[in-house]
Amino acid sequence: MDVQSYIEKMKIIQSKLLDFIDEIQNVEENYENLIKVIQDQRILQDRSYTKALLLLISRVSNHHHRLPDFFNKIEKILIFMKDTIKQTFLNHEIFEIFKTQKRILLFFIEEKIIEINEEIANLMTKSRGNERYLYHIYFFKELKPFLSQTKIHNSRGKISQNSEELRNLGHNESEICEIIRKDSLVDFISHVKNTNLSLDSKVKVAFYETNKFLIKNNASLIEYAAFYGSIEIFNYLLNSKVVIRPIIYLFAIHGRNLELIHLLEENKIQTKNKSYDDCIKESIKCHHNEIANYFIGHLETEKDQ
């Protein structure tokens with residue numbers, strides 16, 4: 001395989017994929033443009049290119065900012081690829097590509113692209129990843145035949161009555177998180193008062209959360225607000241002088257919100273090691289190129305001074 005040709009092909013695919021996911025106008029046109037590139041470049045006729053595309057979709061799903069129709073668009077692409085995926089990859093290979101993205105694994109199960117058999121059940125429940133991703137709760141219905149009676153008993157008390165809805169939404173199911181996502185300051189202040197919740201509190205572990213960054217990083221309330229661009233609640237917490245860690249820049253990057261980043265800078269909040277390196281790397285990981293360019297501009301300004 002010619003490396004330069006491979007890179008060029010995947011750059012074109014990446015560009016068209018992001019156009020489709022990000023644009024709220026001309027959605028069908030952008031979808032058709034993406035499919036045309038996949039077909040013209042014969043991506044699905046080559047196993048290595050097909051895997052590269054799936055890995056790209058997995059990484060975008062894990063890190064990119066999610067607009068309301070994000071997963072609908074991802075699923076539309078995967079439906080187009082469905083037959084190729086099933087014919088090209090084994091059950092466990094598909095799982096390995098998407099193991100950090102529970103929402104897509106659920107879609108694969110529903111579309112019968114992945115079968116929950118003993119092998120997959122073991123990969124989910126007997127790996128260290130289960131401690132972080134809580135597969136046994138999220139996929140309780142599918143995994144139940146493979147769980148011990150003790151595990152079933154311990155899990156049942158954690159299963160929400162509306163678990164089907166919650167796992168399709170893929171958000172933290174707690175009331176305070178829902179309030180922050182809606183950026184309802186009145187409800188936020190009322191909830192904090194009624195529950196005597198500290199403004200420096202951390203968000204509780206969520207059984208139905210599907211965002212890899214939020215699963216990996218235990219967010220404080222202000223960090224969660226930064227992640228969702230909840231500007232009213234963010235400003236309220238900022239003015240309340242809550243503890244702010246340098247990692248908050250990464251939460252704001254995931255939220256794709258330059259306004260919040262400007263607020264952090266105006267309030268003299270420092271980045272990690274007073275460097276923009278982590279911010280640039282995280283922006284690139286999220287495919288948020290405009291934010292990466294913003295921080296690169298900071299570096300260039302510092303060099304010129």
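Helices (H or I, at least four residues) and strands (E, at least two) are taken as DSSP runs and numbered from the N terminus. The structure is a predicted model, in which local features need pLDDT of at least 70 and side-chain atom pairs count only at pLDDT 80 or more, while totals for chains, interfaces and linings use all residues. Residues are numbered from 1 along each chain as its sequence is written, and side-chain values use heavy atoms, with hydrogens and water left out.

E265 is located in helix α19. E265 counts as partly exposed because its relative accessibility is 22%. Contact is defined as heavy atoms within 4.5 Å. With neighbours within four places in sequence left aside, E265 is in contact with Y249, Y294 and H298. For one of these, Y249, the separation from E265 is 16 residues along the chain and 9.6 Å between C-alpha atoms.

K274 is placed in the loop between α19 (258-266) and α20 (277-285), and a relative accessible area of 64% makes K274 exposed. R59 belongs to helix α3 (residues 47-63) and is partly exposed, its relative accessible area being 47%. Between R59 and F98 the C-alpha distance is 8.8 Å, and the two residues are 39 apart in sequence.

H191 sits in helix α14 (residues 185-195). This histidine counts as buried because its relative accessibility is 13%. Its contacts, leaving aside neighbours within four places in sequence, are E175, I176, I179 and L197.

Two residues were noted for their backbone angles. Most residues other than glycine have a negative phi. N196, which is not a glycine, has a positive phi near 55 degrees; this residue lies in the loop between α14 and α15 (212-216) and counts as exposed at 70% relative accessibility. K241 is likewise not a glycine and has a positive phi of about 65 degrees. The loop between α17 (231-239) and α18 (248-254) holds K241, which is exposed at 69% relative accessibility.

The nonpolar interior was described next. A nonpolar core is a set of buried Ala, Val, Leu, Ile, Met, Phe, Trp, Tyr and Cys residues joined through side-chain atoms within 4.5 Å. The largest such core contains 56 residues, of which I57, L78, I85, F98, F108, M124 and F139 touch the most other members. Another core lies apart from it and has 39 residues, including L214, L237, C279 and C286. Not counting residues up to four places away in sequence, F108 touches L78, I85, I94, F98, I113 and I114.

Aromatic rings of Phe, Tyr and Trp (its six-membered ring) were paired if their centres lie within 6.5 Å, with planes under 30 degrees apart counted as stacked, over 60 as edge-to-face and the rest as tilted. By this rule there are 17 aromatic pairs. The pair of F70 and F71 is edge-to-face, with 5.2 Å from centre to centre and 85 degrees between the planes. Both residues are buried, F70 at 1% relative accessibility and F71 at 11%. A cluster linked by ring pairs consists of F95, Y133, Y135, Y138, F139 and Y208.

Grid points are joined across faces, edges and corners, and a volume is the space filled by probe spheres set on the points. The largest pocket holds about 440 Å³. Its lining has 20 residues, and R66, L67, P68, F70 and H171 lie nearest the centre. Helices α4 (70-88) and α12 (163-169) each supply at least two lining residues, and the largest share, three residues, comes from α4. By class, the lining comprises seven nonpolar, nine polar and four charged residues, where Ala, Val, Leu, Ile, Met, Phe, Trp, Tyr, Cys and Pro count as nonpolar, Asp, Glu, Lys and Arg as charged, and the others, Gly among them, as polar.

Technical notes
On a 1 Å grid over the protein atoms alone, a cavity is a set of points where a 1.4 Å probe fits but cannot get out, and a pocket is an open set with protein on both sides within 12 Å along at least five of seven lines; lining residues have an atom within 4 Å of a point. Buried means under 20% relative accessible area, exposed over 50%, partly exposed in between (1.4 Å probe, protein chains only).
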